[in-house]
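Please open the structure in your viewer and keep the selection tool at hand. The tour below goes from stop to stop, saying what to select and what is found there.

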Amino acid sequence: MQRYTILWADDEIDLLKPHILFLQQRGYDITPVNNGSEAVELSDSRHFDIVFLDEHMPGMSGLEALNQIKNNKPNLPVVMITKNEEERIMEEAIGAKIEDYLIKPINPSQILLSVKKILDNKRLVIEKTNLNYQQEFGKISMALLDNMNHEQWADIYKKLVFWELQLDEVDNRDMAEILDSQKVDANTNFCRFIKKNYENWLNNPNVDRPLMSHQIMKKVVFPELSANQSTFLIIIDNLRYDQWKVIEPVVAELFKIDKEETYYSILPTTTAYARNAIFSGMLPSDMAKTYPELWKGEDEEEGKNNFEDEFLARNLKRNNLNVKFSYNKIKQLEEGRDLADSINNLYGNALNVIVYNFVDMLSHARTDMAMIRELAPDEAAYRSITKSWFIHSPLLEILKKISEKKMKVIITTDHGTIRVKKAFKIIGDKNVNSNLRYKQGKNLGYEGDKVMEAPKPERFFLPKQNVSTAYVFAIEDQFFAYPNNFNYYVNFYKDTFQHGGVSLEEMIIPIISLSSKNA
């Protein structure tokens with residue numbers, strides 16, 4: 001066990017010998033001094049793991065010593081020990097970034113607890129986290145053998161994300177590899193579950209089925225609309241549940257989290273299908289039939305997402321909601337800044353929709369740009385970049401301004417992404433779409449059953465370009481690649497984040513209801 005060194009400054013240090021002996025018996029090396037000046041000098045010239053400072057000492061006070069120690073060594077932990085219970089002293093010490101504040105008289109156990117919290121915290125947390133996950137591992141493994149419903153699958157996914165984030169914090173690669181293996185097993189079983197149930201969810205209204213993309217507006221957003229309060233619907237494109245969890249603490253500083261739920265994205269889990277389903281309140285084949293002028297074909301680049309505001313307008317009208325609404329799509333940094341500057345202009349609307357495309361751009365950039373590939377080699381790094389972006393983004397500035405008013409905010413997404421690792425060979429003609437996680441066409445060729453097939457697209461409420469059109473979805477962590485230049489595409493796309501297929505990460509996605517703390 002590592003021996004820690006402690007510098008203890010107190011003008012009555014001789015009276016603290018029992019405390020010092022108690023710590024020494026437990027493996028800590030103590031250097032005692034009786035004034036602040038010597039504490040500053042020693043802490044600057046020698047290595048200590050922690051400093052105890054009495055607040056009231058003759059000559060240089062504890063607070064003065066604290067400020068000088070922190071100026072010299074900002075990361076050196078300091079514990080203030082004092083008889084003074086004056087709030088001003090506490091606040092000044094806390095403002096100077098002390099690690100703990102103890103009120104005399106103190107007992108040895110208090111001191112030991114403070115030391116362990118500061119110096120042994122990481123080791124103790126790692127040991128406890130590992131033990132807890134080992135216990136949870138068995139429970140999750142047993143659950144994966146059960147015949148679970150959609151709610152239980154969402155719960156399992158949330159648990160896996162919880163442990164993923166816990167293991168991120170303690171940086172335990174061995175345990176993280178075990179969790180990765182369990183996630184693979186979970187996705188294998190989840191894909192079987194979707195193959196078995198998805199078609200039935202869409203075609204049988206009497207079965208137990210999850211909330212899905214085309215129901216979001218009617219069941220979640222529209223009930224919040226009021227003439228007396230503005231509701232903001234913020235769709236952060238491509239936001240996975242784990243990415244939401246890393247930005248949640250930042251959002252929670254501004255808003256009360258009234259409800260955190262998940263819903264299931266429709267297939268294909270792409271912006272073109274899933275987000276249009278959100279705005280229109282329809283499944284894709286119904287959109288294509290009802291509004292052929294708004295639904296564009298696969299061969300029309302980006303065409304499908306040019307009419308989201310019109311889909312929304314018609315959805316509101318169909319539901320007899322004669323309300324003022326706004327729609328803003330943010331694709332560039334300057335667009336976000338402009339919206340942040342003019343956000344006050346939207347407060348008179350019953351509904352304000354903001355589509356924020358950054359996470360989608362990041363996932364594609366990760367495929368295309370070497371630098372992003374270096375910055376986000378795995379899920380933990382991908383989450384870290386998402387949080388860093390969010391903290392410095394105009395979107396956070398927009399949320400800060402909204403939080404100052406009495407507003408309702410709903411944050412959600414249209415689909416998630418999965419890091420793909422294995423290539424699946426498929427053959428298609430020149431008219432087959434380019435997405436790596438689903439293919440649509442009339443001449444699709446592949447071997448094996450490691451895909452989800454939709455030979456009758458009408459059963460999946462997917463439009464058909466011709467009579468023999470079929471859809472095929474990649475499952476688990478696979479991606480489609482053509483036999484031509486197969487090795488090149490495998491190396492290029494392996495370990496990139498893709499969407500369009502069937503996985504926990506793509507289909508089970510967050511929808512969060514917020515209300516302002518500060519209004």
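Which backbone oxygen does the side chain of Asn433 reach? Bear in mind throughout that this is a predicted model. Select Asn433 together with Tyr438, and you will find that the side chain of Asn433 reaches the backbone oxygen of Tyr438 at 3.1 Å. Asn433 itself is found in the loop between strand S12 (422-425) and strand S13 (438-441), and, at 7% relative accessibility, Asn433 counts as buried because the cut-off for that class is under 20%.

Next, select residues 394-403, which make up helix H18, a mostly covered element in which seven of the ten residues are buried.

Helix H14 (residues 333-342) supplies the largest share of the negative patch, namely three residues. Asp338 has its place in helix H14, and with a relative accessible area of 47% Asp338 is partly exposed, because that class lies between the cut-offs of 20% and 50%.

The following two stops concern the peptide backbone. Select Lys104 and Pro105, which are joined by a cis peptide bond with omega of about 0°; Pro105 lies in the loop between strand S5 (100-103) and helix H5 (108-119). Then move to Leu267 and Pro268, where a cis peptide bond has omega of about -10°, and where Pro268 has its place in the loop between strand S7 (255-264) and helix H11 (271-280).

Two further residues deserve a look for their phi angles. Select Asn238, which is not a glycine and yet has a positive phi of about 75°; Asn238 lies in the loop between strand S6 (231-236) and helix H10 (241-252). Is Asn238 buried or exposed? With a relative accessible area of 0%, Asn238 is buried.

Finally, select Asp495, which has a positive phi of about 65° although Asp495 is not a glycine. Asp495 lies in the loop between helix H19 (486-493) and strand S17 (497-498), and at 25% relative accessibility Asp495 counts as partly exposed.

Technical notes: Residues numbered from 1 in each chain as written. Predicted model: local features only at pLDDT ≥ 70, side-chain atom pairs only at ≥ 80, totals over all residues. Heavy atoms only, no water. Buried < 20%, exposed > 50% of the residue type's maximum accessible area, 1.4 Å probe, protein only. Helix = DSSP H or I, 4+ residues; strand = E, 2+ residues; numbered from the N terminus. Polar contact = N/O pair within 3.5 Å; in protein donor to acceptor, adjacent residues only side chain to side chain.
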